[in-house]
Amino acid sequence: MIEIRNVSKWYGPTQVLKGCSTQVAKGEVVVVCGPSGSGKSTLIKCVNGLEPFTEGTITVDGISVGDPKTDLPKLRARVGMVFQHFELFPHMSVRQNLALAQVRVLGRKADEADARGMSLLDRVGLRAHADKFPGQLSGGQQQRVAIARALAMDPICLLFDEPTSALDPEMIGEVLDVMVELAQEGMTMMCVTHEMGFARKVARRVVFMDHGEIVEDAPAGAFFDAPASDRARTFLARILHH
Amino acid sequence: MNYHWNWGIFGEQVKGGDETYLDWLITGLGWTLAVSLTAWVLALSIGIAVGALRTTPSRLLVALGTAWVELFRNVPLLVQMFLWFFVVPEFLPRDWSLWVKQEMPAKEFVTAALCLGFFTSARVAEQLRAGITSLPRGQRDAALALGFSLPQAYRHVILPQALRIVIPPLTSEFMNVFKNSSVAFAIGVMELTFQARQMQEDSEQGIETYLAVTLLYFICAFTANRGMAWIEARTRVPGLIAKSG
């Protein structure tokens, strides 16, 4: 589904991605982790072309992201993304947030889009909040709405960019619950996250990044039980012992 | 002060005509409103477009937008009035030039409205750009990630938020348009300031004249202010902190 081959990226003279290669198969959940500044967010934003990359190729469902001839908006409409800071549109109600792209991008009728949005709100347990504005919801609620908004487009895969990093600890669980459910239903997911419990539970593979390179790309069990590199061991020790 | 007050002057007939001085001021107010409102519509539409261009990833569009802003904000408004009125028509193709000079209807009004509109658009553009750059970059990313084209992202996500943010500075700008429209008298638009000068010379009651005109400008600007405050209240988003009086 997602194929990343030898992707490198420079910001001026600084190289932020160094020959990264990995893939996510259909129905697979892959967790990307690593210390801050390791390039994991940059890498996941390359997958839907929000960040351009300098070298290498990325294909999603066989379509090349870096090819200037690719219709990026069309491809992005099929790839859902969930952001660290939710990025709901604050000037619209929850209901409008869910319907907007369905109507404007997919061309669905307003009532059809609304019905789809409401059923997804149901699913993330927020139907009662449909007519509130994002600023009136807690962080955890906003992130669940953001997931519903991504799902409303009927995506072929979902990208998560640190979806719980901006949340208070007591709200992380409600977001992870939704993500676990999606994973168990067979959604293809690439998740940048530090939630190792989530990774252990649903990830098929863990990709560990440091200084712009993929240091390890291993089955989740193997990664946690016997990380191959010192850097991964240090990283795990640091995040698991606090 | 040895001045002969005459507040009744507004009801008196002008010398050698059957209108009253009040009629003159009302005509003047009409032209002031016409120039100001036309200029404001132009300034808003061009200013929004140019301000948005300056925040796009395209270097060419940014350069075009910057050129527009710098062109109109680095030259005094009065000089711009003269430029549009006396200079620009000379540089048009010959047929157009003749048409503008001899046949264009309401030439002074059209020139003044365009000039003031362009001048103000540069200021609106700068304010809007500030509003857009104050939004978190993630908003644009989120819109693009949902499959919006860049113009759609501006239309549905970026501009509705940026415009709300810049309502307070835009309010000042709208009030400025009424005040700046007084410069149009210099190219012969018979607006409020023009009529006031004429009335002062004709009636020799300068103090009453300018006090009345002051009041009329104040009412225009203050009405603009209240109108914008109403819009600000109407478009306020529940749950956002930004509040003002």
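In which hand, left or right, does α1(B) pass α9(B) in their crossing? The crossing is right-handed. The structure discussed here is a predicted model.

## Two packed helices in chain B

Helix α1 of chain B spans residues 21-53, and helix α9 of chain B spans residues 192-203. Their axes lie 7 Å apart and form an angle of about 160 degrees. Because angles over 145 degrees count as roughly antiparallel, α1(B) is roughly antiparallel to α9(B).

On the α1(B) side, the residues that meet α9(B) are B:Y21, B:W24, B:L25, B:T27, B:G28, B:L29 and B:T32. Their counterparts in α9(B) are B:L192, B:F194, B:Q195, B:A196, B:Q198, B:M199 and B:S203. Sorted by class, this contact holds 8 nonpolar and 6 polar residues, with no charged residues.

## The open sheet in chain A

Chain A contains an open sheet of 6 strands, arranged in the order β6-β7-β8-β3-β9-β10. The pairing in this sheet is mixed. Its edge strands are β6 (79-82) and β10 (213-219) of chain A, each of which pairs on one side only. On average, and with direction ignored, neighbouring strands are turned by 15 degrees against each other.

One of the pairings joins strand β3 (residues 29-33) of chain A to strand β8 (residues 189-192) of chain A. These two strands run parallel and are linked by 4 bridges. Within this region, A:V29 stands opposite A:M189 in β8(A).

## A residue in helix α8 of chain A

Helix α8 of chain A covers residues 220-225 and includes A:A222. Is A:A222 buried, exposed or partly exposed? There are 13 other C-beta atoms within 10 Å of A:A222, so this residue is partly exposed. The class lies between exposed, which means 12 or fewer such atoms, and buried, which means 20 or more.

The C-alpha atom of A:A222 is separated by 9.0 Å from that of A:R205. Along the chain, A:A222 and A:R205 are 17 residues apart.

## Where the two chains touch

How many residues of chain A are in contact with chain B? The contact involves 22 residues of chain A and 21 residues of chain B. Helices α2 (72-76) and α3 (94-104) of chain A each supply at least two residues of the side of chain A that touches chain B.

By class, that side of chain A has 13 nonpolar residues, 5 polar residues and 4 charged residues.

Key
Residues numbered from 1 in each chain as written. Chains lettered and ligands numbered in written order. Predicted model: local features only at pLDDT ≥ 70, side-chain atom pairs only at ≥ 80, totals over all residues. Axes fitted to C-alpha atoms, helices over the stretch in contact; angles between N-to-C directions. Parallel < 35°, antiparallel > 145°, perpendicular 65-115°, else oblique. Left-handed = near helix turned anticlockwise from the far one by under 90°. Contact = placed C-beta atoms within 7 Å. Nonpolar A, V, L, I, M, F, W, Y, C, P; charged D, E, K, R; others polar. Pairing = 2+ DSSP bridges.
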